[in-house]
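Dear colleague,

I am handing over the structure we spoke of, and you will find it just below. Please have it open while you read the notes that come after it.

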Amino acid sequence: MSQYENLSKSELEAMYDELKTEYNSYKAKNLCLDMSRGKPNPMQLSLSDDMLKVVISKEDYIGEKGVDYRNYGVLDGIDASKKLFAAILEVEPSEVIVGNNSSLNMMYDTVMRCLLFGAGEGKTPWLKQGKIKFLCPTPGYDRHFAICEHFGIEMIIIPMDENGPDMDLVKEYAENDESVKGIWCVPKYSNPTGITYSDEVVKAFADLNPKADDFRIFWDNAYVVHHLYEDGDELLNLKDLLKEKNKEDMIFIFGSTSKITHSGSGIAAFASSKSNIDFMKKLLSIQTIGSDKLNQLRHTKFLTCYEEILDHMKKHADIIRPRFEKVLEILDNELLPLGISEYTRPKGGYFISFDTIEGCAKRTVSLCKECGVTLTGAGATFPYGKDPFDKNIRIAPTYPPVEELEEAMKIFVIAVKMATIEKLLND
Ligand SMILES: Cc1ncc(COP(=O)(O)O)c(C=O)c1O
């Protein structure tokens with residue numbers, strides 16, 4: 001029961017008028033504040049500027065087996081970069097393909113290859129199997145859902161809680177419906193809830209026996225080293241668990257340095273079983289002669305080992321932690337006592353997931369917009385951009401300076417309160 005529900009109609013109306021006055025005073029400021037996307041801020045990007053000064057000498061660019069990294073070739077990435085991603089993603093270097101700057105690009109290509117050529121050697125292309133479906137834990141990453149929508153893959157909502165996706169539902173769909181071919185997962189510091197899948201959830205993934213023998217888990221470990229605090233979350237190694245059961249072809253792992261070094265100029269990786277890697281390399285060899293090896297070299301000379309990455313990530317955390325804490329402080333002060341919302345307290349990643357009462361997310365986002373605060377569109381965290389309960393909003397605190405964030409959040413809480421009262425008065 002929220003505090004507002006105890007109020008009479010006239011009390012609610014009086015409160016609304018007060019909020020409206022405050023709202024209008026912010027509106028008169030003609031602000032332009034953007035909390036729409038999870039981008040690193042310029043201070044974070046500058047942490048990696050020394051990478052631009054890395055001197056690459058002949059000893060560096062003549063790599064394994066005498067290959068010249070300035071030239072064509074090395075389809076799956078230079079050895080040092082495969083070693084680095086192997087450490088980050090907890091796989092073997094031989095199970096990694098390092099690509100160019102975007103893991104999203106690799107995910108898109110992977111889905112497209114499964115559609116056209118099958119999900120592994122000898123598998124029937126998904127396109128030849130009629131209607132296919134993906135399981136979509138929600139709230140989730142809008143661009144995963146956009147890939148499915150783009151290719152006409154039907155999406156099935158799987159609710160998430162603080163432990164990860166509802167695994168009973170995942171099991172029910174995956175084990176009974178052969179047209180269910182995949183699931184999107186951001187297992188650590190999930191986008192947008194910030195939660196990390198519990199051991200039970202990861203083990204339940206390992207225990208899955210999907211009806212389709214070409215079912216694939218898209219394990220997007222985008223935030224694997226993105227801790228905000230010393231006591232970071234731990235994630236079980238699903239690939240190892242699957243290997244024990246002879247099922248490791250089932251997992252496609254993705255990662256990148258987009259939020260470690262420079263978002264637009266990082267390096268990305270795909271990891272899977274050796275047989276999937278061989279299959280993908282065969283297809284990749286038609287697509288390209290090789291990726292940008294000098295950027296891979298720059299990265300591995302700048303961050304030479306896993307420990308250096310963890311140290312580097314602490315510097316990121318020092319910059320963005322105060323932003324997360326500012327958002328939570330304002331929410332805790334202004335909204336928590338009212339009981340009209342729920343939100344997550346991530347220990348890592350890039351987002352806070354916020355739920356209004358049912359039917360208020362769109363209105364909150366549009367009130368913010370009118371007042372100069374841009375948020376991720378309401379609904380974006382659900383397949384087809386449609387939140388069935390119209391309550392989830394993704395808060396992205398990393399980019400704006402703390403002062404701007406504070407102002408934006410003050411407007412946000414006013415908007416949440418106004419949207420909630422409007423709903424209560426209308427119902
Ligand atoms: C879960 C997730 N995966 C992938 C990406 C994009 O990764 P990349 O920059 O490597 O394409 C993002 C960016 O926000 C993300 O949140």
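This is a predicted model: local features need pLDDT of at least 70, side-chain atom pairs count only at pLDDT 80 or more; totals for chains, interfaces and linings use all residues.

The domain assignment divides the protein chain into domain 1, made of 3-44 + 310-426, and domain 2, which spans 72-304. Taken over C-alpha atoms, the centres of domain 1 and domain 2 are 30 Å apart, and 25 residues of domain 1 are in contact with 28 residues of domain 2. On the side of domain 1 that touches domain 2, two or more residues come from each of helix 12 (306-334), strand 11 (352-355) and strand 13 (392-395), with helix 12 giving the most, namely seven residues. By residue type, that side of domain 1 consists of 14 nonpolar, seven polar and four charged residues.

As for the ligand, the residues that surround it include Gly-38, Ser-102, Ser-103, Tyr-141, Asn-191, Asp-220 and Ser-256, and the shell as a whole divides into five nonpolar, six polar and one charged.

Helix 13, which runs over residues 361-370, has Ala-361, Thr-364, Val-365, Leu-367 and Cys-368 buried. Seen down the axis of helix 13, these buried residues line one face of the helix, because they fall within an arc of 160°. Among the elements that cover the buried residues of helix 13 are strand 12 (373-375), strand 13 and helix 14 (402-426). After helix 13 comes Gly-372, which has a positive phi, near 90°.

With best regards

Methods
Residues are numbered from 1 along each chain as its sequence is written. Domain bounds come from an automatic or database domain assignment. Two residues are in contact if their C-beta atoms, placed from the backbone, lie within 7 Å. Helices (H or I, at least four residues) and strands (E, at least two) are DSSP runs, numbered from the N terminus. Ala, Val, Leu, Ile, Met, Phe, Trp, Tyr, Cys and Pro count as nonpolar, Asp, Glu, Lys and Arg as charged, and the others, Gly among them, as polar. A residue is near a molecule or strand if its C-beta atom, placed from the backbone, lies within 6 Å of it. A residue is buried if 20 or more other C-beta atoms lie within 10 Å of its own, exposed if 12 or fewer, and partly exposed in between; C-beta atoms are placed from the backbone. The arc is that of the directions from the helix axis to the C-beta atoms.
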